Amino acid sequence: MSTILHIETSTDVCSVAVSQDGACIFEEEDHSGPNHAVKSGTFIDHALTYIDQHLLSLDAVAVSCGPGSYTGLRIGVSTAKGICYGRDVKLIAVPTLELLCVPVLLSEKVHEENALLCPMLDARRMEVYAQLFDRSLREVRPIQADVVDADTYRPYLDERPVYFFGNGAAKCMETINHPNAHLLEGIEPLARWMFPLAERRFFQEKFEDVAYFVPFYLKDFVAKMPKKLL
């Protein structure tokens, strides 16, 4: 038995959910814009009240750990760490780009066995933060800050279909312009999609050090990018 509180604040969407044994039993979302400082606290209070009223024992808090918005991640992670301290439970970090793949796989929108998934988070101009996975969520290429042009993903596209999604994907499709490039719209990182990844980490005992854990800010990518690209 495992009861996990999930917090997702990496983009403009704020969402909180509770899962028990791999099933989502509570969720609240706000899509109105970056208002996490207000909304996340309210949603989390509702979620903890739900847990207590149903006499559930909270086992862990899972939080989206980036990359993503500096402010959003800071709010989400700080709140998650506070709950872990206060309730003496474990902290689980869920990478945002991996999280974006969950609704794609669950919706069965990708049919080709050899297809790759490319979740993207918007940065600026033609820059995105992207990662490549196969359909088993095995990493094919690690997270990179990409300045997208026609050749950025060509080595993969020349071999197999690649599905692009996330809030950085739509602006890139005309530039990528390849018959194997497919856009999936409306895919957002939401707390209700976190539970498969969080449950796996829970049973693998892949927990974070509550005292020292920090999220993976987008600014960390920018600091490493060649100056000529900034």
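This is a predicted model: local features need pLDDT of at least 70, side-chain atom pairs count only at pLDDT 80 or more; totals for chains, interfaces and linings use all residues.
Biologist: How many aromatic pairs does a search of the whole structure find?

Modeller: The search of the whole structure gives 4 aromatic pairs.

Biologist: What makes F202 and F207 a pair, and why is the pair called edge-to-face?

Modeller: A pair of aromatic rings is described by two things, the distance of the centres and the angle of the planes. For F202 and F207 the centres are 5.8 Å apart, and the cut-off for pairing is within 6.5 Å. Their planes stand at 70 degrees, and an angle over 60 counts as edge-to-face, so the pair of F202 and F207 gets that name.

Biologist: Which residues do ring pairs link into a cluster?

Modeller: F202, F203 and F207 are joined into a cluster by ring pairs.

Biologist: How do you know whether F202 is buried or exposed?

Modeller: Buried means under 20% relative accessible area. F202 has 15% relative accessibility, so F202 counts as buried.

Biologist: And what is F207 called on that scale?

Modeller: F207 has a relative accessible area of 27%. Exposed means over 50%, and partly exposed lies between that and the buried cut-off of 20%, so F207 is partly exposed.

Biologist: Let's turn to the cysteines. How many disulfides does the structure hold?

Modeller: It holds 0 disulfides. Take C84: the nearest cysteine sulfur belongs to C65 and is 13 Å away, while a disulfide needs sulfur atoms within 2.5 Å. C84 is therefore in no disulfide.

Biologist: What about C172?

Modeller: For C172 the nearest cysteine sulfur, that of C118, is 8.5 Å away, and C172 is in no disulfide.

Biologist: Why is C172 called buried?

Modeller: Its relative accessibility is 0%, so C172 counts as buried. C84, at 4%, counts as buried too.

Biologist: Now the open sheet of 5 strands: what is its order?

Modeller: The strands run in the order 8-7-6-9-10, with mixed pairing.

Biologist: What makes strand 8 and strand 10 edge strands?

Modeller: Strand 8 (139–147) and strand 10 (181–183) each have a single partner strand, so one side of each is left without a neighbour in the sheet.

Biologist: In which sense do strand 9 and strand 10 pair?

Modeller: Strand 9 (residues 162–165) pairs with strand 10 in the parallel sense, over 3 bridges. F164 stands opposite L183 in strand 10.

Biologist: Which strands does helix 3 touch?

Modeller: Helix 3 (residues 96–107) packs on the sheet and touches strand 6 (116–122), strand 7 (127–133), strand 8 and strand 9. The direction of helix 3 makes about 125 degrees with that of strand 6.

Technical notes:
Residues are numbered from 1 along each chain as its sequence is written. Side-chain values use heavy atoms; hydrogens and water are left out. Rings of Phe, Tyr and Trp (its six-membered ring) pair if their centres lie within 6.5 Å; planes under 30 degrees apart count as stacked, over 60 as edge-to-face and the rest as tilted. Buried means under 20% relative accessible area, exposed over 50%, partly exposed in between (1.4 Å probe, protein chains only). Two strands pair if DSSP finds at least two bridges between them. Helices (H or I, at least four residues) and strands (E, at least two) are DSSP runs, numbered from the N terminus. Contact means heavy atoms within 4.5 Å. Axes are lines fitted to C-alpha atoms, for helices over the stretch in contact, and angles run from 0 to 180 degrees between N-to-C directions.
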